[in-house]
Amino acid sequence: MSDFMCFSALENQTTIPGKLVSGRYRQPFDYRVKRSKGTKDFYLTLTLKGSGLFNNGKETCECLENEVTLVTPGTPHFYGTPENTVWEFYWCHFVPKEEWLPLLQLPEAIKGIRKARFDNEKEWLRLTSAFSRLVEYNEETNLFSEKLAVHALEEILLLIAKSVLETQFPMDPRVEKTIQLISEHFSHPYSVAELAAMVNLSASRLAHLFKIQTGESVMEMLNKIRLRQARKLIETTSLPVAEIAEEVGFNHPFYFSRQFAAFYGTSPAVFRKHILHTSNE
């Protein structure tokens with residue numbers, strides 16, 4: 001067991017089932033925790049600096065910077081800071097909602113202990129920001145702090161699941177480029193053929209590849225991006241609906257209103273009235 005033969009922490013340390021607890025630690029060499037019977041909840045760590053060692057009683061794995069580790073319930077585990085480093089990390093004990101269970105399918109590093117790495121700096125910053133909010137909300141005692149902590153945890157699990165999925169099934173760079181183009185220039189009257197030429201594919205090949213990798217057609221995603229931008233303009237400006245339609249790339253206000261109603265369940269005009277009524281209450 002290497003470093004894990006001599007633990008000084010309390011045996012079988014556990015948390016109350018259903019209780020969400022979290023924190024941020026900075027621990028030098030010789031920091032050790034021993035839970036020879038595991039816990040009833042999941043234990044999640046996110047390494048900011050240094051590294052931590054995890055052992056399940058038979059095998060050891062290391063959690064490095066930009067990595068998360070998830071210990072599953074009932075798994076004997078022993079962890080701590082190895083030599084010549086200081087381990088700085090976020091941690092969280094939680095019992096997941098049933099709908100969160102698919103988000104917890106990280107690759108197994110050793111039996112009962114799962115791990116994932118973040119190489120995308122933008123996604124890593126999102127993850128550390130969400131963990132920071134989780135810890136902050138958990139330290140508060142106001143009416144909303146518990147629910148905000150739960151939402152922060154859900155964001156963390158979604159970001160981890162997203163990263164794992166993208167690592168296992170990386171997106172074709174030509175599809176990524178297409179998404180970038182329609183996201184940054186959504187008002188442009190793109191056709192699939194035009195976009196395909198810009199990423200050096202035939203129109204049929206781009207349409208097929210895009211659908212497989214995103215679950216949507218190119219034009220469905222472009223339409224969604226335009227409608228979301230239109231909603232922002234309705235909420236934050238006093239521009240007429242016809243001008244908003246043109247601003248986001250719809251040539252015909254009536255068609256825009258029809259698409260908006262199909263996506264949001266109400267017309268742009270009614271949506272704006274609801275926003276104004278809510279803000280005046």
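**Legends to close-up views of a predicted model**

The residues lining the second largest pocket comprise 9 nonpolar, 4 polar and 4 charged (Ala, Val, Leu, Ile, Met, Phe, Trp, Tyr, Cys and Pro count as nonpolar, Asp, Glu, Lys and Arg as charged, and the others, Gly among them, as polar). The model is predicted: local features need pLDDT of at least 70 and side-chain atom pairs count only at pLDDT 80 or more, whereas totals for chains, interfaces and linings use all residues. Residues are numbered from 1 along each chain as its sequence is written, and side-chain values use heavy atoms, with hydrogens and water left out.

**View 1. The second largest pocket.** This pocket holds about 300 Å³ of space. A pocket is an open set of points on a 1 Å grid over the protein atoms alone, where a 1.4 Å probe fits, with protein on both sides within 12 Å along at least five of seven lines; lining residues have an atom within 4 Å of a point. Among its 17 lining residues, Lys19, Leu20, Asn138, Glu146 and Val150 are the closest to the centre. Helix 2 supplies the largest share of this lining, 5 residues.

**View 2. The largest pocket.** Of its 14 lining residues, Asn120, Lys162, Glu166, Met171 and Glu176 lie nearest the centre. The lining divides into 5 nonpolar, 3 polar and 6 charged residues. Helix 2 gives the most to this lining, with 4 residues (helices are DSSP runs of H or I, at least four residues, numbered from the N terminus).

Notes: Helix = DSSP H or I, 4+ residues; strand = E, 2+ residues; numbered from the N terminus. Points joined across faces, edges and corners; volume = space filled by probe spheres on them.
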